[in-house]
Amino acid sequence: QVQVVESGGGLVQAGGSRRLSCAASGIFFSINAWGWYRQAPGNQRELVATVNSAGSTIYADSAKGRFTISRDSAKNTAYLQMNSLKPEDTAVYYCNVGYRTGRTTGSSTWGQGTQVTVSS
């Protein structure tokens, strides 16, 4: 069983910055990928950014140039540094962790989410 806990959400003014953290714990062989997603009221959950075990990253167009995803493998933690925040970034941010459970098996787990509210 793997647990994923996000933290770092809160209220921030437009133009400000916020860093989210995502910590994974439990029993797993290795983590394959970390992903940050967000869901605003009335909208579907959408990808923000991902990073895999090789360090390759993917960003949504809305996040490019403003957000940076990173990971600390030793701490089993990933981060999402968000700069130049806009009111439209307001959402619940979720972390998804993909991990290996065996030589050829794997799974993924979602965190409970952390609210980010950007005031204008």
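V2 stands opposite G26 in β3. This contact belongs to a predicted model, in which β1 and β3 pair in the antiparallel sense over 6 bridges.

**The open sheet**

- An open sheet is formed by 4 strands in the order β1-β3-β8-β7, and the pairing is antiparallel.
- The edges of the sheet are taken by β1 (2–7) and β7. Each of these has a single partner strand, so one side of each is left without a neighbour in the sheet.
- On average, neighbouring strands of this sheet are turned by 15 degrees against each other, direction ignored.
- As a general principle, strands of a sheet pair through backbone hydrogen bonds, and the pairing is either parallel or antiparallel.

**The disulfide**

- The structure holds 1 disulfide. It is formed by C22 and C95, whose sulfur atoms are 2.0 Å apart.
- Are C22 and C95 buried or exposed? Both C22 and C95 are buried.

**Aromatic pairs**

- The structure holds 3 aromatic pairs. One of them joins F28 and Y99: the ring centres are 6.1 Å apart and the planes stand at 50 degrees, so this pair is tilted.
- F28 lies in the loop between β3 (18–26) and β4 (30–39), while Y99 lies in strand β9 (residues 91–100). The pair therefore ties together parts that are 71 residues apart in sequence.
- Both F28 and Y99 are buried.
- Another aromatic pair, Y37 and W110, is edge-to-face, with 4.9 Å from centre to centre and 65 degrees between the planes.
- Which strands hold Y37 and W110? Y37 lies in strand β4 and W110 in strand β10 (residues 106–110), so this pair ties together parts that are 73 residues apart in sequence.
- Y37 has a relative accessible area of 22% and is partly exposed. W110, at 38% relative accessibility, also counts as partly exposed.
- Y37 and W110 belong to one aromatic cluster together with Y94.

**A charged residue over two rings**

- The charged end of R45 sits over the ring of Y94, 3.7 Å from the ring centre.
- R45 also lies over the face of W110, at 4.5 Å from the ring centre.
- Y94 and W110 are both members of the aromatic cluster that includes Y37.

**Salt bridges**

- A search of the whole structure finds 4 salt bridges.
- One of them joins the side chains of R38 and E46, with an N to O distance of 2.7 Å. In this pair R38 counts as buried at 7% relative accessibility, whereas E46 is partly exposed with a relative accessible area of 36%.
- The side chains of D61 and K64 meet in another salt bridge, at 3.2 Å from N to O. Both D61 and K64 are exposed.
- R66 forms a salt bridge with D89, and the closest N and O atoms of this pair are 2.7 Å apart.
- Where in the chain do R66 and D89 lie? R66 is in the loop between β6 (57–59) and β7 (67–72), and D89 is in the loop between β8 (77–82) and β9. The pair links distant parts of the chain, 23 residues apart.
- R66 counts as buried at 11% relative accessibility, and D89 counts as buried at 1% relative accessibility.
- Salt bridges that share partners join R38, E46, R66 and D89 into one network.

Terms used
Residues numbered from 1 in each chain as written. Predicted model: local features only at pLDDT ≥ 70, side-chain atom pairs only at ≥ 80, totals over all residues. Heavy atoms only, no water. Phe/Tyr/Trp six-rings, centres within 6.5 Å; stacked < 30°, edge-to-face > 60°. Helix = DSSP H or I, 4+ residues; strand = E, 2+ residues; numbered from the N terminus. Buried < 20%, exposed > 50% of the residue type's maximum accessible area, 1.4 Å probe, protein only. Lys NZ or Arg CZ within 6 Å of the ring centre and 35° of its normal. Disulfide = S-S within 2.5 Å. Pairing = 2+ DSSP bridges. Axes fitted to C-alpha atoms, helices over the stretch in contact; angles between N-to-C directions.
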